[in-house]
Amino acid sequence: MSAPYQLTPLAETRPGMVLSDVVRDGKGNVLLAQGLVLTETMLGSLARHGVDMLPILQAEPAPPPIDPEAIQCRLDHVFRKQDRDDLGDWATGILRRYVEDYRLQREVNA
Amino acid sequence: MNRLTPEQLAAGVQDLPSLPAIVMELLSSIEQEDIDISVLAKKVSYDQALTAKTLRLANSSSFGLQVKVTTIQQAITFLGFQTTRNLITTAAITGCFPSGRCPGFRDKAFWRHSIATAACARALARRMRFNQDIAFTAGLLHDIGRLVLVTAHPEAYGAVVQWRAQHDADWQAAEQAVLGIDHVDAGVALADHWNFSGTMRQAIAYHHAPDVHGAGFLAAIVHVANAIVHALDLTAEDDELVPRVSSVAWDAMRLNEEAYLHLFRETELQFGEMSAILMA
């Protein structure tokens, strides 16, 4: 079992969740297979088999949403000595634009 | 008065903590190929802390090894002599200066910036087909003169820190205003004292002036890497400031935007991993 998972109390599990590992009863018999999508019926039957925790597969953590305004504000701060209108300073200007594209996850045409 | 004379600077350099003899040997021979590797591996392995740090770096994902190396000799076999030498010197230098001597000088932030610049210079060098190990070391050492000043003249450097905060200036301007010399002078003095190669000395001397005739390509790589790392804001210092980028140095890189975006990503990832190992 290598995928990230969380041992979840049966009461907190919901249909649609995915098992990250096999589930066995107290005697070691396999009740449900790894990778199975849970249904209402299964959850009911697991309670009768005395199972109280399930290994639930965790979705890959989504990248935290970016706050474009805060990012722009911080970039303007670190580039505070660069004057966007100073054409003689184009190299710093290009670096600034590239880092803005990178941090603000803008589409870039290769 | 906080002015420093060249004599005071030289005396400060003499009094610096010394690196392990093996590391001095490695630094001064960085462009030499004919070195007895087995003798070297043995000498390094006498220093357990240094060996442990070196091996952790070698096993970090930056080097993409499929097997874990457990001895210096193995690291040399899998990564090559140049790269291993590079890791040994990195592990030694980041641990050799005393910290917390100068009020207001943030040692951790200094090293985080140096490590990030090293990673970025290495990534740039690979795209330029320039020697990656030399670029890495030059990136790591480009501002070493600041540590020389902080270590040898902590009180005077405290005044530099204050001046810079008041004037929102770059370090070089603040050092010149307060001390009359700057970290480039101090870095060059150290390069001479520690017997760095000529290429490395040039890179330290000209990383703020890559346009100067004879500055060399390595100085341009370090100059651009330094600016990128400031722009990526990797040390997250409140007063982070991107220096003016030399258009000559930028032109010399000949990379398009797509290449830079990959470079930014690579720098961030390697920086995260390496600083965790080296700052532990």
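Start by selecting Ile221(B): leaving out residues up to four places away in sequence, Ile221(B) touches Ala121(B), Leu124(B), Ala125(B), Met128(B), Phe130(B) and Ala135(B). Here, two residues are in contact if their C-beta atoms, placed from the backbone, lie within 7 Å.

Before you click further, note that this is a predicted model, in which local features need pLDDT of at least 70, side-chain atom pairs count only at pLDDT 80 or more, and totals for chains, interfaces and linings use all residues. Residues are numbered from 1 along each chain as its sequence is written, while chains are lettered from A and ligands numbered from 1 in the order in which they are written.

A residue is buried if 20 or more other C-beta atoms (placed from the backbone) lie within 10 Å of its own, exposed if 12 or fewer, and partly exposed in between. In soluble globular proteins, nonpolar side chains tend to be buried together.

**Zoom out to chain B**

Show chain B as a cartoon and you get 16 helices and 0 strands. The radius of gyration of chain B is 18 Å, close to the 19 Å that the globule rule gives for 280 residues, so chain B is as compact as a globular protein of that length. That radius is taken over C-alpha atoms, and the rule is 2.2 Å times the number of residues to the power 0.38. Helices (H or I, at least four residues) and strands (E, at least two) are DSSP runs, numbered from the N terminus.

Along the principal axes, the C-alpha atoms of chain B fill a box of roughly 55 × 45 × 35 Å. Of its 280 residues, 47% count as buried. Take the contacts in chain B between residues at least 6 apart in sequence: 67% of them join residues at least 24 apart.

Next, colour chain B by domain: domain 1 is 18–96 and domain 2 is 101–280. These bounds come from an automatic or database domain assignment. The C-alpha centres of the two domains of chain B lie 23 Å apart. Their contact takes 18 residues from domain 1 of chain B and 17 residues from domain 2 of chain B. On the domain 1 side, α6(B) gives the largest share, 6 residues. By class, that side has 5 nonpolar, 10 polar and 3 charged residues. For these classes, Ala, Val, Leu, Ile, Met, Phe, Trp, Tyr, Cys and Pro count as nonpolar, Asp, Glu, Lys and Arg as charged, and the others, Gly among them, as polar.

Stay on α6(B) and select residues 81–93. Of its 13 residues, 10 are buried, so α6(B) is largely enclosed by the rest of the structure. Among the buried ones are Arg85(B), Asn86(B) and Leu87(B). The buried residues of α6(B) pack against α2 (21–28), α3 (37–45), α4 (48–58), α5 (72–79) and α8 (132–141) of chain B.

**A stop at Arg146(B)**

Jump to helix α9 (residues 144–152) of chain B, where you will find Arg146(B). Is Arg146(B) buried or exposed? Arg146(B) is buried, with 23 other C-beta atoms within 10 Å. Leaving aside neighbours within four places in sequence, Arg146(B) is in contact with Phe110(B), Trp171(B) and His183(B).

**Over to chain A**

Select chain A and trace the pattern β-β-β-α-β-α-α along the sequence. The radius of gyration of chain A is 25 Å, well over the 13 Å that the globule rule gives for 110 residues, so chain A is more spread out than a compact globule. Its C-alpha trace spans about 75 × 25 × 20 Å along its principal axes. Buried residues make up 13% of the 110 residues in chain A.

Chain A also divides into domain 1 (5–57) and domain 2 (68–103), whose C-alpha centres lie 52 Å apart.

**Where the chains meet**

Last stop: display both chains. Their contact takes 19 residues from chain B and 18 residues from chain A. On the chain B side, α14 (217–232), α15 (247–253) and α16 (257–278) each supply at least two residues. By class, the side of chain B that touches chain A has 11 nonpolar, 3 polar and 5 charged residues.
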